[in-house]
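Here is a short briefing on a protein model. Keep the sequence and the 3D view open while you read.

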Amino acid sequence: MIHLNNIDKYYDSKFQRTFVLKAVNLEVKEGEFVSIMGPSGSGKSTLLNIIGLLDAPSAGEYSLYDKSVLDLKEKAKVDYHRNFMGFIFQAYHLIEEMTVYENIETPLIYKGVKSRDRQAMVADLLDRFNMVAKKDLFPQQLSGGQQQLVGIARAIIGKPKLLLADEPTGNLQSVQGEMIMETLQQLNNEGMTIIQVTHNEKFAEYGKRIIRLEDGIIRKDVASKIVFSI
Amino acid sequence: MIVRVLILWYGSGISRWTIIQKQTENNRLKAMIKHFFINIFRNIRHNKVFTIINLANLVIGFAVFILFSVLISHELNFDKFNTNYDNIYRVQTRQEDSYPTNFCTYSPAAFRFHLMADVPEVEKVLLMREVSGGAKGSGQFFTLPDGSQFYQLNGYWSENSIFDIFTINLKEGNKSTALTEPGTIALSETLSKKIFPEGNALGKQVIVGKRFPVTVSAVYTDFPQNSNLKPTYLVSMPTYPGLSGELAYGENWTNISFDNYVLLKKGADPKLVDAKIKNAFKDVKNFEKSSPYLHPLSKLHISPNSQPDVIIGLAILSLAAFLVLILACVNYVNLSLANSTQRATEIGIKKVIGSSKKLLATQFLAETILHTLFATVLALFVAQASFPLLNRILNKNIDFSLWNNAQLLIFISLVSLLVGILSGLYPSLVISSYNPVKVLKGKVFSNGGNSISIKKILVAAQFSISLFMLIVSFILYNHVNFILNKDLGFENKKILYTEINPRDKMPFETVKTRMLQHPEIADISFSSTIPFIGNIGGYVTWEGAAPDEKEMISRNYVNYDFIPTYNLKMAYGRNFSKEYPADNKACIINETALKVFGWSDPVGKLIYLEGRPFPVVGVVKDFHPYSVHNPIPTYIMFLNNNVISGSTLLTVRFTGDEQKARALVTRELDTIFPNDPFEFKDFSIAFYLDAAIEFWQSMKSMFIFFAVVTLLISTIGLFGLILFTVKRRTKEIGVRKVLGSSVGSVYWQLSTEVIGMLGFAILVGCPAAIYIYKTMPGAYKEPLTISEFLIAIALVAVIAFITISYHVLKVAVSNPVKALRYE
């Protein structure tokens, strides 16, 4: 599904080129759950942003389903964001002026889903995440874990093929973090491809595959159980 | 076959796809609009301070703009109620032999009978004359059947064609015959109600002065506020010769004190008419260089003398109104950008979950337009409510109703839309192009380098406008004080004057002797005109003048006491004196005339009026016989025969209390002229009748009003700007504090930025204000003083620094941990 070939990301200053990612090759198949790990500044988030079409690589090739997605027009990118991928953030990034219900509903509006269908879909998800009673609350009125659940609901409401999570548990206590990870695992079991960036060794284990980045280079790319055994 | 199927399949695919696409668009639009409104209200709730500041800013800006739009449209739409608006002209007199060329609104009666009536393009002619000579401020006394009397201004002699040319509504009487007979008078409704409160004025008698009975032939609805001509009564023109004694007035080409109006036939070209009447004065001695010209009704109010003074004034006001609106726009842009940082997350997220840049920009633009429209509606109510106040400030009486002025409402809505688009465009573009990756990491400001420099330009523009408006306000303020307090060159404080038109001749000495018994009366004189009241022109030539050289000079016929009564100072020679019997054929001129005549030794030189020589016995120092606004004209005084007869002006200089003096002179004069009406007035009344004084005073009040509004809006804008800057630097300030930096250094840094912008504003605002000063009409202007500029600069600077201090202190005194907690 995802094919990164020789991806570089660098910033040029006057006399120096600083690499954030260097010669990254990565292939992710449909249904995988990949955890990207590495120290601060190793390029994890940049990699995730490039995969999510929020950032462009400086060099290399990137294709989704064998179609190159570099140099896409704004409109095509927007289309991918609407229909193909969902995002989860460490700081949840819910829209504060919107209720839980509206936060979850918004992507469907951008997708142009009919009002009646939207209602059904949001109701479904609220039910699934046990948040029906909270649907009219504003984000500030929820706990961190609950906010992240809303974040996940918002990310998956459009039935994306790919879910990108940037340290989804970074701001959470471990109990809540586990709940979130279990939710992600369940989604993966249902067939959703997930790529997460995390600092937490334990939560990385929820992925089927772990990639370790260091200074913009992939140092290890292994199935998670093997990492566990080391 | 296969191809056909393929085409069919392909075609249906396309149509199905487009249908789905369309439905999707529809669904999106519907939901989006709903969410758009919900979003706006939630945003308002979440950003109360921002909303209130920004709305106040827009409402003030728009209210001011609306008020002045009304005011200016009121001035520009004078006389439009006339159905013949486009075809009515006043025939005025251009006098090219005076410098600068004089465009006199008056004309001789001969125009009516021997000029305009013969022009084929002319449909109707109308001859009018202001009762009591045409000097502004002189009126007419009336006596009622019960013997009581009152004084009425703005009456006219008029022909009956006034009803055909102007749109006048008759309450009583018949339009076709109301003013055709001698001895008839038409009354305005107000005057009619005053004289005959019981109604039914038609056929009743009124006495002009105390002697001339006239019969009421019609009552007309008062002319509207926005009419240039507002006669309180009209006496039929056929009454004129009998009452004035000028039996052959229709043959007179040199008595330029009538109003000639014409109605041109539809489609007639006024330029053609102008060409035909141009040479009318060709054979009139001394008037060879005068020519009649048509002045359209549309210009009678804003430029009666074909001079641009009022138009310049209106242009300056329009500029000010637009600047206030621009100021509000700039504020809106600044405040929107400042606030957008709060909404950065919202924007980033929306982009990530599938909103396009275009959609976001549209959303913000729509929001701005909605804000401005809402502000406009509020402003309409504010303007409507504050109009009486404005009327009072400006001493006007404009009938103001916005709601039935469709034209104005449309204009205002268009401006409002334009303002919405202009002030929404830039912020929406900036905001919608935030990079979501950076925004979501809280780095919006590193992205905003460019936007901040544009912001700086905007704020510098705002400083410049504020400074400009303040300086102009100060200049106008000082100018009006200058005009009001300028030394007029004669005694004008302890002066009482009255018009009187006695039935019987009366030697002046009798009056003088009686009056001067009282120590309160310092001096008394009588003359045909006094400063600011009355104007008699005439052509003179002088000893040493070139053969065709002559001068239009202001004439005054005075008695021996005129110069001492007004305390005029002699520059050369002496006052008229009884010791020199030949003085009744002599004259006294002013310094301006002396300059024009070019004499070095004026006493004994000759001046020729209508061919007769008058030796000069003295030269008075220049004084202002008319408006301070205009240059001092050439002026000449002749001695009258010291007997009061006909219409004349009495002046008394008193000492001590005015009330007491007025009572005294009124009692004395009443015993001398028991049958003649009069009323003593303070000289300031004559002074304030001057149209220029009124003009400048309202300019001053308007600009003070503008200055206050400008300061208010600027303060709001600065508040927004500094809120933005400080927010941008909250973290920086926090870090600096942790590192041990003082509040002072942060303060200093912000201050240098503001000082830079202030410097720019000084470079732009001061020259612009000087330019306005130079275009400002008026012959006498007070020289610019540095204080006008310094005070304005100081005021803007003080506001800037108070705002900086407030915000910096708020941040600096707060806990640095709090400032650093974001991210």
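Predicted model: local features only at pLDDT ≥ 70, side-chain atom pairs only at ≥ 80, totals over all residues.

Chain A has an average pLDDT of 88. Two residues of chain A, D66(A) and N130(A), have a positive phi without being glycine.

**Confidence in chain A**

- In chain A, 97% of the residues reach a pLDDT of at least 70.
- Confidence is highest in strand 8 of chain A, residues 193–197, at a mean of 94.
- Confidence is lowest in helix 8 of chain A, residues 224–229, where the mean is 50.
- Over residues 226–230 of chain A, pLDDT stays under 50.
- For residues 226–230 of chain A, the model has five contacts beyond four places in sequence.

**Where chain A meets chain B**

- On the chain A side, 29 residues are in contact with 29 residues of chain B.
- How many salt bridges does the rule find across the interface of chain A and chain B? The count is zero.
- Two residue pairs are in polar contact between chain A and chain B, both at pLDDT 80 or more.
- Four elements of chain A each supply at least two residues to the side that touches chain B: helix 1 (44–51), helix 2 (74–83), strand 6 (85–89) and helix 3 (100–111).
- Which of these gives the most to that side of chain A? Helix 3 of chain A does, with seven residues.
- By type, the residues on the side of chain A that touches chain B are eleven nonpolar, eight polar and ten charged.

**Two positive phi angles**

- Look for D66(A) in the loop between strand 4 (59–64) and strand 5 (67–68) of chain A.
- The phi of D66(A) is near 65 degrees, a positive value in a residue other than glycine.
- Is D66(A) buried or exposed? D66(A) counts as exposed because its relative accessibility is 75%, and the cut-off for exposed is over 50%.
- N130(A) sits in another loop of chain A, between helix 4 (115–128) and helix 5 (144–156).
- N130(A) is not a glycine either, yet its phi is positive, at about 55 degrees.
- N130(A) has a relative accessible area of 69%, so N130(A) is exposed too.

Definitions and conventions
Residues numbered from 1 in each chain as written. Chains lettered and ligands numbered in written order. Heavy atoms only, no water. Buried < 20%, exposed > 50% of the residue type's maximum accessible area, 1.4 Å probe, protein only. Contact = heavy atoms within 4.5 Å. Salt bridge = Lys/Arg side-chain N within 4 Å of Asp/Glu carboxyl O. Polar contact = N/O pair within 3.5 Å; in protein donor to acceptor, adjacent residues only side chain to side chain. Nonpolar A, V, L, I, M, F, W, Y, C, P; charged D, E, K, R; others polar. pLDDT = per-residue confidence, 0-100.
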